[in-house]
Amino acid sequence: MSELRKDSLSFVETLGQSVANVSPTLTPALAVAVVAGMAGTASWLVYIAATIALLIVGLNVGKLAKRIPAAGSFFVYVSRSLGPSYGLLSGWSMLAAYLFTAMALTIATSLFIKTLLTTLQIGAAPPSIIIYLAVSGLALWFAFRDIRLSSRVGLTLEAISVAIILIVSVSALAQVGFAPDVKQFSLEGADLGKSLQAIVFAIFSYVGFESAASLGKEARDPQRVIPKAIQWTALSAGLFFVFTTYVITQGFQDDATKLGASGAPLGDILAGQSAWIIALVYFGAAISSFACALASINAFGRTLFSLGRYQILHRSLGLAHQKHKTPHVAVTIGAVVNFVLVALLSGNSEVDTFGWYGTIASYGFIVVYFLVSIAAPVYLKKTGELTTRDTVIGAVGATLMALSLVGSLYPPPPYPYNLLPYGFLVYMLLGVAWFYVLKARAPHTLLGIENDLEEAAAAAGSPATAVAAE
């Protein structure tokens, strides 16, 4: 059976997977409108809180990535720490997280392309469904062929788009003489309850920062490279989000209602500037969101690949291409399902569907981040490496994710966001039901996983092979 291409990715290429999956440009180009519509002048502070929370989660992910280099990342991490039942739960949650991220970014790409064409006064924009098909098809082509090509393309596109946004942001500050925004610093008019709700969608700005972990079989020196890529991505993205959110909020004169209703925040604050400058911004946003959709399908494919290898799902999903060494069956399913699901709701407002899909993706990531924060200290205890610091970091990460989830439910958000948590719960219950079906119909599958995990844990826990504690 063909395997994934081992030891093929450098640190920069591994970093490219996480950076592209975050899609930093998406936040100032579109997502900030959703956050600011809830948090108002506290939006920059919401992003600081989210950055701290995800840096802590990243520490927990890094501890496991150092010790368990695997393509299934969170499914394998949680399985080896808490058992295959929780591992299946995390893998199931991660599938939704990566898939709905790809869907949200496919829609975002369509929005940005249309804004770009409108700015250039090109009236004949292609239908949304054609753009969805093109994004899904092109993502499949890259994902099918070579993860190195995908990572390099993603990082290059993100570097270009981030540079464009930073230049525009500094230009916007120059227009107000770099004067500080007193209303933002004093949090004038901010609502604490709505700000807590905004944290869930703010987390969506970062989701995928950990996706370098899915390259555990393909990165060179994964025990060192993957934790480093995860932390660099979370910190650099957080600084970028805080800065650009502050600039855009100031550009809207701190009017949260107006900003929340904007489908093109950067374009709106650049009104009056050259159309070519605005077009350049949304060209950068379009290539950034495509890079994120591609990275999400790559990560989805590797999670599905791992579940197929363990025969939790059909074993054909665990096949790797003979020539390209990619999980070709899994990424093909990801790209096809991505297109079908975004096409089904193509009659709705794209800004609305972007928000719906992004919120559902956030729930998937929050569940997994919660589980991995518990799994890290449990695994370290099994290997005899647990320290008080590890316990505290795990507890804080789990607590912050739990608070983020609670904050999204109470007070209840407006319709239809109030229904999304329950829709996600139904999806997770289907995963639980599938676990019990496997347990009844194919107990050898779960027994095989347990035996494999026990052997791996025993090898990792021996004094000769254990990784030194931080």
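Let's begin where two helices meet: helix α1 (residues 11-22) and helix α10 (residues 222-251) have axes that come within 9 Å and cross at roughly 40 degrees. Keep in mind as you look around that this is a predicted model. Angles under 35 degrees count as roughly parallel and those from 65 to 115 as roughly perpendicular, so α1 and α10 are oblique to each other. Their crossing is right-handed.

Which residues of α1 and α10 meet here? On the α1 side you will find Phe 11, Thr 14, Leu 15, Ser 18, Val 19 and Val 22. On the α10 side, their partners are Val 225, Ile 226, Lys 228, Ala 229, Trp 232, Thr 233, Ala 237 and Phe 241.

Next, turn to the largest nonpolar core, which has 141 residues. The members that touch the most others are Tyr 77, Phe 112, Phe 204, Leu 266, Tyr 282 and Phe 354.

Our last stop is Leu 425, which sits in helix α17 (residues 420-441). Is Leu 425 buried or partly exposed? Its relative accessibility is 46%, so Leu 425 counts as partly exposed. Leu 425 and Tyr 363 are 62 residues apart along the chain, and their C-alpha atoms are separated by 9.4 Å.

Technical notes:
Residues numbered from 1 in each chain as written. Predicted model: local features only at pLDDT ≥ 70, side-chain atom pairs only at ≥ 80, totals over all residues. Heavy atoms only, no water. Core = buried A, V, L, I, M, F, W, Y, C linked by side-chain atoms within 4.5 Å. Buried < 20%, exposed > 50% of the residue type's maximum accessible area, 1.4 Å probe, protein only. Helix = DSSP H or I, 4+ residues; strand = E, 2+ residues; numbered from the N terminus. Axes fitted to C-alpha atoms, helices over the stretch in contact; angles between N-to-C directions. Parallel < 35°, antiparallel > 145°, perpendicular 65-115°, else oblique. Left-handed = near helix turned anticlockwise from the far one by under 90°. Contact = heavy atoms within 4.5 Å.
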